[in-house]
Amino acid sequence: MLCKKLHHAAFRCKDAAETVKFYTEVLGLKFAHAMGEDHVPSTGKYSPHIHIFFEMEDGSNIAFFECPQDQGEPSGRDPHTPAWVQHFAFEVENIDTLLQAKKNLEGKGLSVVGPTNHDDFITSIYFFDPSGHRLELTTRTCDPARYPEFEAEAPQVLALWNATHDWSQREKVFGAKTGYVRASQST
Ligand SMILES: [Fe+2]
């Protein structure tokens with residue numbers, strides 16, 4: 001496979017110092033690298049900025065730019081996209097870790113949504129960083145033996161979506177009007 005793993009996903013932040021404090025102290029990530037340029041290295045455009053990286057256990061990173069002279073919303077959030085759509089999800093060890101993290105985050109004054117079960121595939125909690133980016137902590141909750149079933153099903157899910165653009169016929173692929181009741185799960 002060409003793409004081996006996530007190196008980083010990058011977002012705009014309002015304030016780099018505030019962002020460092022949040023990602024190191026609240027989420028416990030490593031402040032692994034900071035770069036500064038007056039011109040965007042790839043395009044040459046003038047935009048003084050700092051580019052900061054926060055490393056996870058597997059070496060992958062979430063990264064941010066504070067670029068105050070550039071145009072647009074300082075948080076970098078797309079105003080035309082619902083707040084629940086654009087988000088970054090960190091995987092945690094297990095459900096106990098997830099529930100403890102919810103307590104810890106709430107203890108630090110954050111508003112946390114969840115835990116939310118997604119198709120018995122993953123369970124997640126949600127909150128926002130200081131710039132307004134939605135973050136998710138998630139843990140895998142399904143038997144890995146079901147992954148091939150999900151992969152085989154995905155094109156059928158997409159085909160029904162392309163045909164209807166709603167889920168009025170969702171029982172055709174998910175086995176029920178709400179929830180997920182697949183034939184393979186019926187005993
Ligand atoms: Fe997600």
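## Exercises on a predicted model

His80 sits in the loop that links strand 4 (61-66) and strand 5; strands (E, at least two residues) and helices (H or I, at least four) are DSSP runs numbered from the N terminus. The model is predicted: local features need pLDDT of at least 70, side-chain atom pairs count only at pLDDT 80 or more, and totals for chains, interfaces and linings use all residues. Residues are numbered from 1 along each chain as its sequence is written.

**Exercise 1.** Determine whether His80 is buried or exposed.

*Solution.* Count the other C-beta atoms, placed from the backbone, within 10 Å: 20 or more means buried, 12 or fewer exposed, and in between partly exposed. His80 has 5, so His80 is exposed.

**Exercise 2.** Find the strand order of the open sheet and its edges.

*Solution.* Strands pair if DSSP finds at least two bridges between them. Four strands follow the order 5-8-7-6, with mixed pairing. Strand 5 (87-91) and strand 6 (113-118) each have a single partner strand, so one side of each lacks a neighbour in the sheet. Strand 5 runs parallel to strand 8 (residues 134-140), joined by five bridges. In this pair, Glu91 stands opposite Thr138.

**Exercise 3.** List the residues of the largest nonpolar core and the elements that give two or more of them.

*Solution.* Such a core is a set of buried Ala, Val, Leu, Ile, Met, Phe, Trp, Tyr and Cys residues joined through C-beta atoms within 7 Å. The largest has six: Leu98, Ala101, Ile125, Phe127, Leu135 and Leu137. Helix 2, strand 7 and strand 8 each give two or more.
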